[in-house]
Amino acid sequence: MVPARISDFNYSDPRSAFILSSRFAPPCLCIVLMKFWKRWKTRILLSLAVVGPGFITANVDNDAGGIWTYSSAGAQFGHLLLWTMIPITLALIVVQEMTARMGAVTGKGLSDLIREEFGFRITFFMMIGILITNFGNVVAEFAGIAGSLELFGLSKYYTVPICAVIVWLIVVKGQYKSVEKVFLAASFFYITYIVAGVLAKPAWGTAMLATVKPPPASAWREQGYVYMVIGLVGTTIAPWMQFYLQSSIVEKGVTPRQYRASQIDVITGCIFTDVVAWFIIVACAATLYTHGYRNVQDAKDAAQALRPLAGDYAYILFSMGLFNASLFAASILPLSTAYTVCEGLGFESGVGQKFGEAPVFYWLYTILIVTGAGVILIPNLPLVKITILSQVVNGVVLPFVLIFMLLLINKKELMGQYVNSRLFNVIAWATTVVMIGLTIAWFLTLRAQG
Amino acid sequence: MSTLALTELLGQPVVDSAGRTCGRVREVALTPQEDRVLVSVLIVKTRAGDRLLPLQSVSAINGKVMASTASSDWKATNGSEGLFLLERDLLDQQVIDVHGRKVVRVNDVDLNKDSVGSRQVLKVGSVDVGARGAVRRLLKGVVPTGALQFLLNQIPPRVIPWEFVDLIETDPARRVKLKISHERLAKLHPADIADIVEELAPSEREAVFETLDEQVAAGALEEVDPKVQKSILESLDSDRAAEIVEEMQPDAAADLLADLTQEKTESILEEMAPAEREEVSGLLEFKEDSAAGRMTTEYIALPVGATTHDAIEALRKFEGGVETVSTFFLTDSRGTLAGMVPLAKLVLADAKTPLLSLTQEPLISCHADASDSEVAELFDKYNLLTLPVTDDANKLTGVITSDDVINVLRSKL
C-alpha cells in the first residue's frame with residue numbers, strides 16, 4: 001500500500017501525502033511546511049498574540065502532573081472518575097475568574113494582597129506552604145522530562161541536568177517571552193489525545209453517561225479512589241495557578257474596563273483544559289483499563305493510550321507532548337514561585353534585576369530548579385507515584401488558598417462593586433469545604449490502613 | 001531616647017489613672033495636618049468599644065501603656081478622619097524609598113521614645129524593611145522576649161529614615177486630609193521616578209501622577225514604558241492628562257497620543273493650550289515609524305545672516321528641551337535648510353562671527369518619509385547628535401535627536 005515511488009502517489013489519499021512527505025523528507029516536507037508557514041504565518045502569529053494569560057495558564061495546567069494524573073485515573077478506574085470533570089470545570093472557571101478579577105481590579109498580585117490584608121506572619125506560613133507544594137510540582141515536571149525522554153532511550157542522568165540548565169538560562173537570560181510562543185504552539189500536541197480518544201472507539205454512551213451520573217457508592221470504597229479524586233482536583237485547580245494567573249493579569253495591565261475580554265480568555269482556557277483532560281481519561285480507559293494495564297508505572301505504559309492513533313509510533317507523540325508540557329511548566333513554575341514568595345515577603349524580585357540586586361529571588365529560583373531536578377536523579381525513583389502525590393498535595397493545600405481568595409474578594413474596600421456574587425461565593429465555598437472533607441476522609445483511610 | 005517597634009507597642013495593655021487595665025493598644029496614629037512625625041493618639045480597644053487616648057495623657061510606656069487620665073475621659077473614635085494609622089496605612093504596605101529610589105514593603109516601624117517631664121513623646125523614626133522586622137513579627141509571642149531580643153540584636157537593621165519615606169494614597173480626599181504629597185519623589189531624576197512608578201499598581205500610579213507637579217510628571221511620563229504610559233494617561237482625567245502632555249516633548253507627546261483611542265486623544269487635545277495642541281496634532285499626522293513621526297518641532301533655527309551673538313540670544317529665550325540645542329540650524333527666507341552649527345563651535349567663536357562661517361560640512365539631512373533604519377544609518381555613519389528633517393520642498397520641518405534613535409534601537413533589541 002505504501003507508495004514507493006512518486007508515480008505510485010495517490011493524490012486523493014491524504015495519508016499517502018503524509019507518507020510521501022515523510023519518505024522524501026527532508027526537502028519535500030520542508031517545502032510543504034514552508035508554504036504552509038508562509039500562508040498561515042500572520043494568522044498563526046495573530047492568534048497567538050491574542051491568546052491571553054487565562055489560556056496560557058490553562059495550558060500549563062495540563063503539565064506532567066496533569067497528564068500522569070489523568071492517565072492514571074483512566075487506567076486505574078476506567079470511567080469511574082469521569083463524573084468529576086463537570087464539577088471540577090465549574091469550580092475551575094469560578095476560581096480562575098475570581099483570580100483574574102482580583103488582578104484586574106486591584107492591580108496587585110495575590111501574595112501582595114494576602115500580605116497587605118493579613119499581615120506578615122500569616123503570609124510567611126502561606127508562602128512556606130506554597131513553596132513546599134510548588135516544589136512538588138517542579139519535581140513532577142522534571143519527572144515528566146525524565147519519563148518522556150527515557151522513551152527514546154535517553155538516560156535521565158544527563159537529560160534532566162541538561163534541561164534544568166536550559167530552563168535556568170531561558171529565564172536568567174531574559175528569553176522567556178520569546179520561548180513562550182514556541183511552547184504555546186507546541187501545546188497543540190494535546191489535541192492528539194482528543195484524536196486518540198476518538199480513534200480508540202470508546203463506548204461513547206457509557207462515557208457520556210459516566211460524566212453526568214454520580215458514581216456508585218461502592219466506588220468510594222475502592223482503594224485509592226479518594227486519593228485520586230483529590231489528585232484530580234489538585235492537578236486541575238492547582239494553587240500555583242492562582243498566583244501565576246493573577247500576576248500575569250496584572251503584568252498585562254488589564255483594567256476593570258477591559259476585563260470582559262479576559263473573562264472570555266479565562267473561561268475558554270478552563271474549558272479547553274478540561275476537554276483535553278476528559279479525553280485523556282477516556283483514551284486511557286478505552287485502552288489501558290480495558291486491556292488490564294491498571295497500574296501506570298512509567299511513560300511506556302501511558303504511551304499505549306495513543307496506540308489507536310499512532311500505532312507503534314504512539315510513544316513518539318506521547319513523549320513529545322509530555323516533554324513539551326513538562327519543559328513549558330518547568331520554566332514557569334520555579335519562576336512564578338520565586339516571584340510569589342519574594343513579593344509576599346517583601347524581597348526584591350524580577351528578572352529585570354541583576355543577581356546582586358535581588359539575591360533571594362535568584363537563589364530561590366536556582367535552588368528550586370537544582371533540587372527539583374536533583375530529586376529525579378535518585379535511582380529507581382517511582383516517577384509516576386511521586387508525581388501523583390505532588391498533585392494530591394496541591395489538592396490538600398488548595399482550600400487554604402481558596403479561603404484567602406474568598407476573604408479578599410469579598411472585601412468592599414478592596415474590590416468595590418466587583419466583589420463576588422452570591423453564586424460564585426456558594427461555588428467557591430463549596431469547593432473549599434468539599435476539599436477539606438476529602439482530605440479528612442483520605443487521612444482517615446490512611447489511619448485505618450496503618 | 002530609646003526605640004520601640006510599632007509591633008511591640010500594638011497589643012500592649014493600657015492602664016488608666018485608677019490603675020485598672022482598661023484595654024489594649026489597637027492603633028497608633030499621627031495627625032499629619034499638625035505634625036508628620038509625632039504620634040498624636042493611641043486607639044485603645046476597650047470592652048466598651050474603641051477609645052482615643054491622646055499621647056499627652058500617656059505617662060509611661062514600658063510593656064504597658066500608663067495613662068494619666070481616667071478611662072471614662074477617653075473619647076470614642078468616630079472614624080479615622082484626619083488620622084494616619086500606622087498599623088493599617090503603613091505596616092505591610094508598599095512605600096517609596098526616596099533615598100534608595102525603589103519601592104519597598106514595610107515590615108515594621110521604629111518609634112523613638114522620649115520623656116518630656118512626666119509625658120511620653122513618640123516620634124516615627126524609620127521604617128524597617130529588612131529581616132529584623134520580619135523575624136520580630138514572625139517570632140513575637142512564640143519565643144521568650146529575652147531570647148528574641150538577643151536574636152534581633154544579631155540582625156543588622158535595614159531601615160529607611162522617615163524623612164525619606166514617600167507614602168502612596170489612592171484616595172484623593174484622604175490625600176488632601178493627610179497632606180500626602182510627593183515633594184521628595186519629585187526631586188528624583190525623571191528616569192528614576194519612571195522606574196518607581198512602573199513597580200506600582202495602576203491605581204497607585206494614577207495617584208502619583210495626579211499629585212506630581214506637571215513638569216515633573218511630564219518628564220517622568222516620557223521615561224515610562226510605552227504600555228504603562230498609555231494606561232496612566234487613560235486613567236487620568238482629560239484636563240489633568242492635557243496639563244501633563246503640554247509639558248512633554250512634542251514628539252514624545254505625539255507618539256503617546258497616537259497609541260490612545262481616537263476619542264481619548266481628541267478630548268486631551270481639546271483641553272490643551274492652542275500652541276502646544278497645534279504642534280502635537282501636526283506631528284500626529286505623520287506615520288510613527290517615519291522620520292517625521294520621530295522628530296521634534298522644538299529646535300533653534302536662525303536666518304542665514306545671523307551671528308554668534310544672535311544664536312546665544314536665541315538660546316537664552318529657548319524653552320524646549322536641552323537635547324536639541326546641541327545644534328543650531330540656519331534657514332533662508334523660504335525656510336529651506338541652509339546649514340547647521342554645532343554648539344561647541346559656536347561657544348568658542350567670537351560674538352560677531354557670522355554663523356555661516358561655522359557650519360558643519362557636509363550638511364546631512366533626511367526626508368520626512370525616511371524610515372527608522374535609514375535614520376539610524378545616518379546617525380551611525382556620520383556620528384550625529386541631531387539630524388534635521390526636511391519636506392518635499394527641502395524646508396526644515398523638524399529635528400531628530402540621538403535619544404530618539406536610541407529609543408527606536410532599544411525597542412528593537
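1. How many helices and strands does the secondary structure of chain A come to? There are 21 helices and 0 strands, where helices (H or I, at least four residues) and strands (E, at least two) are DSSP runs numbered from the N terminus.

2. A word on what you are looking at: this is a predicted model, in which local features need pLDDT of at least 70, side-chain atom pairs count only at pLDDT 80 or more, and totals for chains, interfaces and linings use all residues. Residues are numbered from 1 along each chain as its sequence is written, while chains are lettered from A and ligands numbered from 1 in the order in which they are written.

3. Chain A has 450 residues, and 49% of them count as buried (20 or more other C-beta atoms within 10 Å of the residue's own, with C-beta atoms placed from the backbone; 12 or fewer is exposed, in between partly exposed).

4. Now to the largest nonpolar core, with 133 residues; such a core is a set of buried Ala, Val, Leu, Ile, Met, Phe, Trp, Tyr and Cys residues joined through C-beta atoms within 7 Å. A:Phe142, A:Ile280, A:Ile281 and A:Ala283 have the most contacts inside it. Helix H17 of chain A (residues 314-345) gives the most to this core, 16 residues.

5. Have a look at A:Ile280 too: leaving out residues up to four places away in sequence, A:Ile280 touches A:Ile67, A:Tyr70, A:Ser71, A:Gly74 and A:Tyr193. Contact here requires C-beta atoms, placed from the backbone, within 7 Å.

6. In chain A, 82% of the contacts with a separation of 6 or more are between residues 24 or more positions apart.

Terms used
Two residues are in contact if their C-beta atoms, placed from the backbone, lie within 7 Å.
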